[in-house]
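Hi everyone, thanks for coming. I'd like to walk you through one protein today, so let me put it up on the screen.

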Amino acid sequence: IVIAMASYQATVVPSQNSGVEFNHNQDVQSQMVDLTNGIDASAREGTRGSHSVRLGTTYPSRTFFVNPGSPSGQLRTVESGEIEFEDIEVSGEESQTVSYWEDNVEPIATSRLQYEPNYNEYRSAPRTVYEHGTLINDNPRGSPTRLVADGVVDDGELMLIALRGDAQSASSATVSVDRRALSSSTNTVTINGGTIRLPTEYPEYWAQRLDQRDGVEVVENGNTVEITIQDGEEFNLRMARVGVGDVSSVDRGSDERAKYVVQNDDEAPVVSAEVRDEFNNPVAGAEFEYDINEETRDTGTTNRDGLAEVENVEAEDTVRIWLDNENQENDPADYKDVEEWERIEIPVESASGTGGTGSGTSNAYDVDWLPCTDPQQSEDVCNEDDEYELSPGDSGEFWMEATDDNGDVRVSGAPV
């Protein structure tokens, strides 16, 4: 009996516990898939949420046999480096967008989120890693395998998600991981040239995956993978920044995020420009300067849609809007002092459907119902005394004419 129990303890118990650990690892991978999908939702839709990840597990209790200590795991963010841009060429965009991306674009810091188990028996368990919108199993006895499809290059779109924040947990317990958008993807920018470098622990994996995509050339370069747009190809660049865990150290203020401006609306009585961050997305709550006809000067704050609005302007006015990123309270920057991508001049146009200044026209028309004596008026609505007459249940067409302020007929017909 003693020999049998010793044999059971040495072989059966470890085998059963290995099965428990394997099943737990499958569960963790599913939870990491949910977290990855949540990060993608934050990036694309601006949502926030919380996801549970069970870092460890427990073994079944045993009356006559002994289990080792409960297995645990570690979930943490790790600095990956910076996403870099070189010789980016922009097409079909406003001059401010072109200037920013071709002359001033800056590297963007990003991190990866990884779960690493500490099992007693399941020695070949993978490390599960999220980076650049993809979830990867880093297998100790083989090449990395993909759990969630990467969308960095997909059908004419380049999608870059920068992950920021601090998540650090090591235990056997279930932890909650918060995620929220720090800059959700709203706009795209069309690029037709240049190189993007992604920092990664898995350059060979990324080179193999992305080199299969049309329109790009992909090479490994140390701990980065370089994606170069081929001649004659165009991609819509979509970018986002998502925070996980504690984001207090990376959640910047609106004024710091504001990088460049583009025109939104040039029609009186309210014109506007969109203030964007380095991810090409609108920035709410950012301060801006403006003047009208280089005379009336004031400051404003962008609305929830990231629009810098200037009200009470008239056709043929000129509105200038600019960012004062130096925050010089005692000596605010003038329009001409800031960079080209930080300012915009908007010649104000008349609202659609109205005449310009001095035209003498308006949107108001005088409507005249044609009398029954007019040969154009329908006999269906007139009686023998040349008066309008319809009985209950009858239908007919009343002819009318609408004239503008100059007496010109603008509408003629039977609207009823």
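What covers the buried residues of H3? Keep that in mind for a moment; a word on the model comes before the reply. What you see is a predicted model, and the protein has 4 helices and 24 strands.

Now, back to helix H3, residues 203-210. The cover over its buried residues includes E4, strand E5 (134-138), strand E6 (145-148), strand E7 (153-154), strand E12 (216-221) and strand E13 (224-229). The buried residues themselves are Pro203, Tyr205, Trp206, Ala207, Arg209 and Leu210. That makes 6 of the 8 residues in H3, so the helix is largely enclosed by the rest of the structure.

Let's follow one of those covering strands. Arg127 sits in strand E4, which spans residues 127-131. Is Arg127 buried or exposed? It counts as buried, because its relative accessible area is 19% and the cut-off is under 20%. The Arg127 side chain makes a polar contact with the side chain of Tyr202, at 3.2 Å. Beyond its neighbours within four places in sequence, Arg127 is in contact with several residues, including Gln114, Glu116, Asp138 and Glu201.

Most residues other than glycine have a negative phi, and most peptide bonds are trans. Asp155 has a positive phi of about 50°, and it lies in the loop between E7 and strand E8 (157-164). Asn280 also has a positive phi, about 70°, and its place is the loop between E16 and strand E17 (287-292).

Pro269 is in the loop between strand E15 (260-265) and strand E16 (271-276).

Finally, the whole protein. Of its 416 residues, 43% count as buried. It exposes about 21,000 Å², with carbon and sulfur atoms supplying 39% of that. That's my tour, and I'm happy to go back to any part of it.

Conventions:
Residues numbered from 1 in each chain as written. Predicted model: local features only at pLDDT ≥ 70, side-chain atom pairs only at ≥ 80, totals over all residues. Heavy atoms only, no water. Helix = DSSP H or I, 4+ residues; strand = E, 2+ residues; numbered from the N terminus. Buried < 20%, exposed > 50% of the residue type's maximum accessible area, 1.4 Å probe, protein only. Polar contact = N/O pair within 3.5 Å; in protein donor to acceptor, adjacent residues only side chain to side chain. Contact = heavy atoms within 4.5 Å. Areas by Shrake-Rupley, 256 points an atom, 1.4 Å probe, with all protein chains shown as cover.
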